[in-house]
Amino acid sequence: MAGRAPPATTATIVDDDLIPATVPRHLPVNFAYLQAVTSIYDNDDLTAIRAQTRRFVEQEVLPNGDAWEDEGKVPRSVLQKMGEIGFFGLRVPEDYGGVGFGALASVAFAEELGRSTYGGFSITALVHTDLAMPYLLNFGSDDQKKRWLPGMLTGETLTAIAVTEADAGSDVASIRTRARPDGDGWRINGSKMFITNGGTADLVFVAARTHADAKGSRAISIFAVPRDTGGFSVSRALPKMGWHCSDTAELSFADCWIPDDHLIGEQDRGFYYIMTNFQNERLAIAAQAMGEASRALEITVEHVRQRKAFGSPLFDKQVVRQRLAMLSARLEAGRQLIHHAGWLMEQGEDAVKEVSMVKAYVGELANEVLYACVQFHGGMGYIKETAVERLYRDVRIHSIGGGATEVMLDEIAKRL
Ligand SMILES: Cc1cc2nc3c(=O)[nH]c(=O)nc-3n(C[C@H](O)[C@H](O)[C@H](O)COP(=O)(O)OP(=O)(O)OC[C@H]3O[C@@H](n4cnc5c(N)ncnc54)[C@H](O)[C@@H]3O)c2cc1C
């Protein structure tokens, strides 16, 4: 795309209101890349989100990501800086202090975060904005939104969503954590497994059974549980194959009492809320995976153009360049389907089939892409200094977390 004039939106991007004066703007934004991410659904707002996210990644993530991976955490100050810029309000209605964009804004944000190549950082932010916060945004009361959204917008209140249990992951309806009515509130007992941001979140949305007799999906409710609630504790941090700077924890609820006004939405409607919010979650995770795989492919193309073997660059070997070319074609197909699914959601259409398709397709594809990227980096691809080594580990979760590929395929099959 070199040589093309920047889009007419350039000035808006650089001077955008969303960027406070305190945030430095001196780093160049790669407009060639931004133009390359064309889709019929792109508009100036989405381009601005991409530009701002890219600038933040260049200034804050790329210089520090390795240290965060070593420390096993993303500093809260970084998340608060994201809040200050306005990233956490992309989907929050203007009445509550956000900018009220739709699902495509999450796609732009997640894809650009994914391009940072630090999956653990990306998921820390995305769990807050696109996996947990939607419980409050979509189903919380006006009073609850006024109480909790201000802190969520600034990053002072980090959130998590706790659905999975040791014996209930894909099969959400079989969760056993129990909430019993007790006075003016509820007493929660049980445990949750693999909870992203679980060790550090200030507010956790917890799925629990609110009926002893009702079966499966008809007996689940969602509760907002603040970190300092008695009986709520972090049982252990869970070290992982990838996402090293993301906090993943097992949580325990032992006679944990919370008042009635911490029930999100209606009692026993939790399964429906989870299934509804899963659509945004899966779209955002697929967009993150897309950004990661796309960036890995670019890095690999650069590498094979430089790296010589048997007298010529690796790129000159037909088998190498054609494999990368086919992967890039499939990535582009996946990207267009992600954008289309996001657009369908913005139109209020049922997009379960399309979202399940992108989650299954891109989750698997990202793994295939990273396998090839490591392969074509040779020995260096196995060494921790390279982004592709990290991404190879990071993307493994994309065909498992947030809906395993097989579960997604059954969702598609039901709708064929
Ligand atoms: C790093 C990490 C972060 C996570 N973050 C969160 C979080 O923040 N909040 C949260 O609630 N959960 C979270 N999870 C949980 C995650 O969503 C689950 O791990 C996932 O849904 C799979 O559930 P499971 O691990 O119990 O696997 P199982 O349900 O035991 O499935 C195991 C495998 O069996 C296969 N399988 C499952 N069902 C079917 C089927 N119907 N047909 C064919 N094959 C099938 C799939 O290959 C699947 O991978 C996280 C997990 C990880 C590892």
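Q: Gln288 first. Buried or exposed?
A: Buried, with a relative accessible area of 0%. Keep in mind that this is a predicted model.

Q: Which element holds Gln288?
A: Helix 9.

Q: And what does Gln288 touch, not counting residues up to four places away in sequence?
A: Ala110, Glu111, Gly114, Gly119, Ser122, Ile123, Leu126, Trp243 and His398.

Q: Which side chain does the Gln288 side chain join in a polar contact?
A: That of Glu292, at 2.9 Å.

Q: How far is Gln288 from Ser116, C-alpha to C-alpha?
A: The separation is 9.7 Å. Along the chain they are 172 residues apart.

Q: OK, Ser294. Where is that?
A: Ser294 is also placed in helix 9. Its relative accessible area is 6%, so Ser294 counts as buried; the cut-off is under 20%.

Q: What does the Ser294 side chain reach?
A: The backbone oxygen of Met290, at 2.7 Å.

Q: Which residues does Ser294 touch, leaving out those up to four places away?
A: Arg115, Leu331 and Arg335.

Q: Leu283 next. Which element, and is it buried or exposed?
A: Leu283 lies in helix 9. It is buried, at 1% relative accessibility.

Q: What is Leu283 in contact with, leaving aside neighbours within four places?
A: Ala103, Val107, Ile338, Ala341, Gly342, Met345, Val355 and Val358.

Q: And where does Ser399 sit relative to Leu283?
A: Their C-alpha atoms are separated by 13 Å. The two residues are 116 apart along the chain.

Q: Where is Thr117, and is it buried or exposed?
A: Thr117 is in the loop between helix 6 (103–114) and helix 7. It is buried, with a relative accessible area of 6%.

Q: What about phi at Asp268?
A: Near 70 degrees, again positive in a residue other than glycine. Asp268 sits in the loop between strand 8 (263–264) and helix 9.

Q: Which one has the largest share?
A: Helix 9, with six residues.

Q: How does the lining divide into nonpolar, polar and charged?
A: There are 23 nonpolar residues, 10 polar and eight charged.

Q: On to the ligand. How many residues surround it?
A: 18. The closest are Ile161, Thr164, Ser170, Phe194 and Thr196. Phe194 is also among the residues closest to the centre of the largest pocket.

Q: How far is a polar side-chain atom of Ser170 from a ligand oxygen?
A: 2.7 Å.

Q: Where do backbone atoms of Gly169 and Gly402 come in?
A: A backbone N or O atom of Gly169 lies 3.4 Å from an oxygen atom of the ligand. For Gly402, a backbone N or O atom is 3.2 Å from a ligand oxygen.

Q: Last one, Thr159. Which strand?
A: Strand 1, residues 159–162.

Q: Buried or exposed?
A: Thr159 is buried, with a relative accessible area of 0%.

Q: Which side chain does the Thr159 side chain join in a polar contact?
A: That of His128, at 2.8 Å.

Q: What else is Thr159 in contact with, leaving aside neighbours within four places?
A: Besides His128, the list is Val127, Ala132, Met133, Met152, Asn197, Ala201, Leu203 and Phe205.

Notes
Residues numbered from 1 in each chain as written. Predicted model: local features only at pLDDT ≥ 70, side-chain atom pairs only at ≥ 80, totals over all residues. Heavy atoms only, no water. Helix = DSSP H or I, 4+ residues; strand = E, 2+ residues; numbered from the N terminus. Buried < 20%, exposed > 50% of the residue type's maximum accessible area, 1.4 Å probe, protein only. Polar contact = N/O pair within 3.5 Å; in protein donor to acceptor, adjacent residues only side chain to side chain. Contact = heavy atoms within 4.5 Å. 1 Å grid on protein atoms, 1.4 Å probe; cavity = no way out; pocket = protein on both sides within 12 Å on 5 of 7 lines; lining within 4 Å. Nonpolar A, V, L, I, M, F, W, Y, C, P; charged D, E, K, R; others polar. Near = heavy atom within 4 Å.
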